[in-house]
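Dear colleague,

I am passing on the structure we spoke about, together with some notes on what was found in it. Please read the notes with the structure open beside them.

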Amino acid sequence: MNDSGIYCITNTINGKMYIGSASNVRTRWNAHRSSLNLNKHHTYHLQKSWNKYGEDAFTFEVMEKIPKEQLLEVEQQYLNVIKLVQCRYYNTDYVAGKPPSHKGKIRSQETKNKMSQSMTGKAHIVSRKPVDLQIFSFKNRITNELFNGTKYAFRKKTGTYSSNIMKLITGKHRHCKNWILN
């Protein structure tokens, strides 16, 4: 169980799940259990269920062993599917590799001041939008070639403008350079 891969934490009482990936799933499971037992897990609803039902109500399983270099890509594919049925999952963020959200966390003014001070003079990193990391499936209607990947990878492959790819994805265009959304 030291392998890298996609894992699932399942509540055996209500069937809700949490999907994630890790380069070492055993270490990740230990980290989840530790933060849940300390009542400090980053996923509020998972923490609440853990507190209500107890550790024995949860199972941990490796769904798929994945090489480390493919972890985020495969996890994103899982997240793209589960976000369609969010009510069955504890996940709150649907972008692979994104740090846990602290939405709703109340911070003291002192903490806010320290955070502000720590960022003073530092360059701010602009994060990618979720659509930039989603995996899409395109098909060339002439050659029947299939392409599965991110919007960025598709743009690199075809030389298509990003705005035209978005129009294809949102349905404003039916095709672009003989490619259709599959």
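Phe 154 has a relative accessibility of 1% and therefore counts as buried, where buried means under 20% relative accessible area, exposed over 50% and partly exposed in between, computed with a 1.4 Å probe on protein chains only. Trp 179, at 6% relative accessibility, counts as buried too. This is a predicted model, in which local features need pLDDT of at least 70 and side-chain atom pairs count only at pLDDT 80 or more, while totals for chains, interfaces and linings use all residues. Residues are numbered from 1 along each chain as its sequence is written, and side-chain values use heavy atoms, with hydrogens and water left out.

On aromatic rings, the rule is that rings of Phe, Tyr and Trp (for Trp the six-membered ring) pair if their centres lie within 6.5 Å, and that planes under 30 degrees apart count as stacked, over 60 as edge-to-face and the rest as tilted. By this rule there are nine aromatic pairs. In one of them the rings of Trp 29 and Trp 50 have centres 6.4 Å apart and planes at 70°, so this pair is edge-to-face. It joins distant parts of the chain, since Trp 29 lies in helix 1 (residues 25-37) and Trp 50 in helix 2 (residues 44-53), 21 residues apart; helices (H or I, at least four residues) and strands (E, at least two) are DSSP runs, numbered from the N terminus. Both Trp 29 and Trp 50 are buried. Phe 154 and Trp 179 also form an edge-to-face pair, with 5.4 Å from centre to centre and 85° between the planes. Here Phe 154 belongs to helix 6 (residues 151-158) and Trp 179 to strand 6 (residues 179-181), 25 residues apart, and this pair likewise links distant parts of the chain. Tyr 7, Trp 29, Trp 50, Phe 58 and Phe 60 form one aromatic cluster.

Turning to helix 1, its buried residues are Val 25, Trp 29, His 32, Ser 35 and Leu 36. They cover an arc of only 135° around the axis, which puts them on the same side of helix 1, the arc being that of the directions from the helix axis to the C-beta atoms. These buried residues pack against strand 1 (5-11), strand 2 (17-22), helix 2 and strand 3, with contact meaning heavy atoms within 4.5 Å. After helix 1 comes Asn 39, whose phi is positive, near 60°.

With kind regards
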